[in-house]
Amino acid sequence: MSVSVGGGKGVKTAVKFPQGSTLGPAHKGTVGYAASVAKKKQLTSSASYRFTFTEPGYTPGGFTYNSAKYRCDDTFWGPTKRTKNPGCVFPSFAPTFTLSRSDRQVRQSASHIYDAQRKITGHPGASTPLHRITDAKTIAAHRKAMCAKVHNPNPSKYDCDEYPFAASKEGGNPRRGSTRIISAGDNRSAGARLGGFYKSQRVLNGDAYYVHIK
């Protein structure tokens, strides 16, 4: 038995498996992947595994199967510098953003989300995922739709916090959303953590994710 692996366009593979192995005891091996993705671009592919079997006097045979699709990107950039190194994920997996109501820095944001998830039909972020959006105009429109008519007694100290997040496809709908006036520092700390989560989990435009409140 021999094994070969194709990684798709832009991906090189290095198969470290004992080729010509005899069937019987279990054999172990690894496959290394090296992806090349351009600045501010992404590539999506799947790995194709080909197992070939040979036996003297018999017609060679084999089978092929594909892995789950993976995605590599170099899309996290500021005006002039990269803000997160390139990396790869399985985009079919929806990661979870977590906040805690016992965390002093974000407890007001966490409490608002906790209450909103239970109040809003469909429990967005809990029972069903949110989906990130990155278009600045759409995000601003979502925020305006939710908070434009909410009274803020002191904008220098407080923010209008909206859930689902303005930067989600599910945001911007007052009939399926919640607003609350909370500390500006708390709101911005939670926002910074959400931004860090997007980077660490490589959540791109349109990607699904969950929100869990402890």
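**Close-up 1. Histidine 123 in the loop between α1 and β10 of the predicted model.** Histidine 123 is partly exposed, and its relative accessible area comes to 34%, a value that lies between the limits of 20% for buried and 50% for exposed residues. The backbone of histidine 123 has a positive phi of about 50 degrees, although the residue is not a glycine. The loop that holds histidine 123 runs between α1 and β10, and helix α1 itself spans residues 107–119.

**Close-up 2. Arginine 202 in the loop between α3 and β13.** Arginine 202 is a residue other than glycine with a positive phi, here near 55 degrees. Its relative accessibility is 5%, so arginine 202 counts as buried, the cut-off for that class being under 20%. The loop in which arginine 202 is found lies between α3 and β13, and helix α3 is made up of residues 184–200.

**Close-up 3. The open sheet β9-β13-β10 and its mixed pairing.** Three strands form this open sheet, in the order β9-β13-β10. The strands β9 (96–99) and β10 (130–131) stand at the edges and have a single partner strand each, so one side of each is left without a neighbour in the sheet. Strands β9 and β13 pair in the parallel sense over four bridges, and within β13 histidine 212 is the bridge partner of threonine 98. On the other hand, β10 and strand β13 (residues 208–213) pair in the antiparallel sense over two bridges, with leucine 130 standing opposite tyrosine 209 in β13.

**Close-up 4. Helices α1 and α3 across β9 and β13.** Helix α1 (residues 107–119) lies across β9 and β13 and runs at about 110 degrees to β13. Helix α3 (residues 184–200) also lies across β9 and β13, and its direction makes an angle of about 155 degrees with β9. Strand β13 has a covered face, formed by Tyr209, Val211 and Ile213, and an uncovered face with Ala208, Tyr210 and His212.

**Close-up 5. The open sheet β1-β5-β6 with antiparallel pairing.** This open sheet is formed by three strands in the order β1-β5-β6, and the pairing is antiparallel. Its edge strands are β1 (2–6) and β6 (61–66), each of which pairs on one side only. On average, neighbouring strands of this sheet are turned by 15 degrees against each other, with direction ignored. Strand β5 (residues 48–53) pairs with β6 in the antiparallel sense over six bridges, and phenylalanine 51 has phenylalanine 63 in β6 as its bridge partner.

**Close-up 6. The cis peptide bond between tyrosine 163 and proline 164.** The peptide bond leading from tyrosine 163 to proline 164 is cis, with omega near 0 degrees. Proline 164 is found in the loop between the strands β11 (158–163) and β12 (178–183).

Note on methods: Residues numbered from 1 in each chain as written. Predicted model: local features only at pLDDT ≥ 70, side-chain atom pairs only at ≥ 80, totals over all residues. Heavy atoms only, no water. Pairing = 2+ DSSP bridges. Axes fitted to C-alpha atoms, helices over the stretch in contact; angles between N-to-C directions. Contact = heavy atoms within 4.5 Å. Buried < 20%, exposed > 50% of the residue type's maximum accessible area, 1.4 Å probe, protein only.
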